[in-house]
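Hi,

Here is the structure I promised to hand over. Have a look around it first, and then read on for what turned up.

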Amino acid sequence: MTQDVHPNRLNERYGLPGHLGFEPGPGGLPVATIENADAAASVCLAGGHVLSFRPHGAEPVLWLSRHSRFESGRPIRGGIPVCWPWFAAHPEDPAKPFHGFARLAHWSVLGTEALDGGNTRLRLGLTDDEATRRLWPHAFELEMAVTVGRDLHVALTARNPGPEPFTCTGALHTYFRVGEVARIAVHGLNGCRYREAGTDGGVQQGPVTFDREVDRLYLDTDAACTIEDPVLARRIRVAKAGSRSTVVWNPWIDKARRMPDFGDDEYTGMVCVETANAGTDAVTIPPGGAHCLEARIAVEPAPHGPS
Ligand code: TA6
């Protein structure tokens, strides 16, 4: 049975006065808006998609394209797309949705909580149906727990209720807002092996910097990353659990121009640092088992620029 997503119904059942409410968002898509003593955030039920996160007194942490479409069944450009049960193209059938179907599906509200200490938690769920089984022949239960406070904690738990193991890849494909991509550095991947389309890949030397398109899948790393942003005078720390891959992406100008939902000049203000399991880091979940992919995002001022 699909959930009644009319905001009034959702507010009656799940609204938390002073913490969380539901309203029609862009394109009329149902959105949970969260505001507590520490931060504000918004989460679209279409795609289970965190749209925004902003600790009070800070610049927005997540980037969202001015040109993003907000249409049921289409991916949103920015925020935190949920890539599951495969990352990038489907391994056998490129006609299947890029980055899987979870970000295209409508998620249900499982619960909302005002936690001790003032944080707010929203839990969303997605389970298999005929449409997903046509794309991927497995029963599954996904739960997305979004906890908003001074930090943003996102936990994607995949459960296997079926009789056979299944193997999946995926990512919390987070788009971060930066002052000027050519002036940032992403620390934490030094010495990590990476794959990059159109190259032989390599081993990261020092921080990742940007003067062209960068689209790298770093493998076998559980390291936290830090985005050093001298223009916004801040560091964004992306810690993770249940993830062996990190993807770093900026489309630069040519790829930005080829994407209709990405402004030609918008590449300068964003970088993706994605919490993933992809390539050889695929995850196999046994019958009755579960796997949790977590990102914890924290912002700190860095008034003197890069350390
Ligand atoms: O995560 C990097 C990437 O795989 C890039 O190659 C680019 O395609 C990006 O994902 C966005 O994919 P999307 O399907 O959202 O346009």
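A term to start with: a polar contact is a pair of N or O atoms within 3.5 Å, and within protein one of them must be able to donate a hydrogen and the other to accept it. Please also keep in mind that this is a predicted model.

Let's begin with His99. Its place in the chain is the loop between β5 (82-83) and β6 (108-114). The side chain of His99 comes to 2.7 Å from the backbone nitrogen of Ala88, so the pair falls within the 3.5 Å limit.

Is His99 buried or exposed? His99 has a relative accessible area of 7%, and because buried means under 20%, His99 counts as buried. Leaving aside residues up to four places away in sequence, His99 touches Val82, Cys83, Trp84, Trp86, Phe87, Ala88 and His173.

Now for the ligand, which sits in the largest pocket. Which residues are around the ligand? They are Arg77, Phe87, Phe98, His99, Arg103, His173, Asp215, Val247, Trp249, Lys255 and Glu274.

For three of these residues there is a distance to look up. In the side chain of His99, an N or O atom is 3.0 Å from an oxygen atom of the ligand. For the side chain of Arg103, the distance from such an atom to a ligand oxygen is 2.8 Å, and for the side chain of His173 it is 2.9 Å. The ligand taken alone exposes 390 Å², and the protein buries 86% of that.

Enjoy exploring!

Methods: Residues numbered from 1 in each chain as written. Predicted model: local features only at pLDDT ≥ 70, side-chain atom pairs only at ≥ 80, totals over all residues. Heavy atoms only, no water. Helix = DSSP H or I, 4+ residues; strand = E, 2+ residues; numbered from the N terminus. Buried < 20%, exposed > 50% of the residue type's maximum accessible area, 1.4 Å probe, protein only. Contact = heavy atoms within 4.5 Å. Near = heavy atom within 4 Å. Areas by Shrake-Rupley, 256 points an atom, 1.4 Å probe, with all protein chains shown as cover. 1 Å grid on protein atoms, 1.4 Å probe; cavity = no way out; pocket = protein on both sides within 12 Å on 5 of 7 lines; lining within 4 Å. Sits in = over half its atoms within 2 Å of the grid points.
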